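Then turn to where the chains meet.

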Amino acid sequence: MSDAILPLIVTVVVLALVFDFTNGFHDTANAMATPIATGAMRPRVAVTVAAVLNLVGAFLSTEVAKTISGGLLKEGQDVHVGPELVFAGLIGATIWNLSTWFFGLPSSSSHALFGGLVGAAVVGAGFQAVDFGVLLGKIILPAVLAPFTAGVVAYCATRIAYAVTRRYDGHPDGRRVFRVGQVFSSSLVALAHGTNDAQKTMGVITLTLIAAGAQAQGSGPEFWVVLACAMAIALGTYTGGWRIIKTLGTGLTAVKPAQGFSAEVSTAATILASSSVGFALSTTHVASGSVIGAGLGRRGSSVRWGTARRIVLGWVLTLPAAAVVGAFAALLAHLGVVGIVIDVVVAVGFMVTVFVLAQPDRVDASSLEAEVNAAGAAVLQRGRKRRARA
Amino acid sequence: MSIDWLAFLAVFGAALVSACLIVLCFAAAIRLLATPPIGAKPGGAARDEEMDAVERGARRLLATIGAVVLFVISGAAVLVGVYLIVPALHS
């Protein structure tokens, strides 16, 4: 590796780890929003379990992708995805992930990464660099199908859960026990997430190192890369994207234990089925669809379609928005060292601004727990009243 | 366009069947656990509560055994899930 390129490689690696971190805290909600909402696990416990399982999951599978973009960019043929393009793509992805977090929207981190890379590649190598067939078939259509699939599955599962446990003789129905099941079903989702998502960052870092000549062609990720990625995603998960957890756990519908369990089993089943036939669906899209399906499956429950629309709008915007940011970052990176320094300064400035802006209406473990307890107390009181009347 | 509709249908079917079966098992186990204890008074009006615990007291043995068996089956489903997640176990 030449000395001139070393600072750029280091920047890419650090930025990739920052992206991995935002990936972790963005996706805590996928597994843990529903158990937190029903009180199956206390918020701190839930994020700790998710973080440990993401850490473990990252070590379980190191089958790193052979191309950075998964075939989305025509890498190798007429496009060379150099470190400066990866750098610009990562800036687009990280900035978009932070923006959606600010609005509490669960959005796909893979979409953000692909969007950023596409934007950077279009600037670097023109529109012919992007394989639009792959874009449609592997990214856009699955994103449309995933929430519907998971929604239908979760709807059916929820109907079954309620139909089987409904009692007509006035004795307690025992639905609280679903909370025990939730601990296991949500853990499974967290583990599946860890095996999938840390891979992307490992792939990006490894391929960058190969391109820079620091690593042999076709070799797997170095141990330090695996370790760093696993730590970054686990730390992000532990930090907990509380805003997104709030949206998914309480914003879409008031999730009850039977619904939570059904939703998580549906999420796990859909993700495992899709990844074992190589038809990858985004965990975020699946988990959001499951929560909506479970909301529709319970009698007398309602789904806040306004929130659902905002989430879908976020999904639609993710790819193009990350692409636009990635494109601007790539334009600046073309200026050479000065441009890259400007990129880094702007990106860091953006991150700090978002965190400062988010402070006034901070959502964290304790505020979320208080909200869940308040909802639980209301349910309990209603139950007592009804019993008193009977 | 390179979408594999057959694969998608397979995913949809497999997810639907497996999720429903697991939820059915777990819900049936809860139903059995919620069997009123021997000698319990009639409960009156139908209830449809979310946070009901199971009543204490001696249940019919058959109901308890059935519930345990169904919980074990649900637990086995989690193990199948872990097996599918960890590549070292199946490749």
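How much space lies in the largest cavity? About 50 Å³. A cavity here is a set of points, on a 1 Å grid over the protein atoms alone, where a 1.4 Å probe fits but cannot get out. Its volume is the space filled by probe spheres set on the points, which are joined across faces, edges and corners. The whole structure holds 3 cavities of 30 Å³ or more.

This is a predicted model: local features need pLDDT of at least 70, side-chain atom pairs count only at pLDDT 80 or more, and totals for chains, interfaces and linings use all residues. Residues are numbered from 1 along each chain as its sequence is written, chains are lettered from A in the order written, and side-chain values use heavy atoms, without hydrogens and water.

Residues lining the largest cavity include Asn30(A), Leu248(A), Glu264(A) and Val291(A), where lining means an atom within 4 Å of a point. H1(A) gives the most, with 4 residues.

Now the interface. 57 residues of chain A are in contact with 50 residues of chain B (heavy atoms within 4.5 Å). The two chains bury about 4900 Å² between them, 73% of it on carbon and sulfur atoms. Buried area is the accessible area (1.4 Å probe) lost on being put together, summed over both parts. In chain A, Arg167(A), His171(A) and Pro172(A) lose the most area to chain B, together 12% of what that side buries.

The rule finds 1 salt bridge across this interface (a side-chain nitrogen of Lys or Arg within 4 Å of a carboxyl oxygen of Asp or Glu). Glu50(B) and Arg298(A) meet in a salt bridge at 3.6 Å, N to O.

Key
1 Å grid on protein atoms, 1.4 Å probe; cavity = no way out; pocket = protein on both sides within 12 Å on 5 of 7 lines; lining within 4 Å. Helix = DSSP H or I, 4+ residues; strand = E, 2+ residues; numbered from the N terminus.
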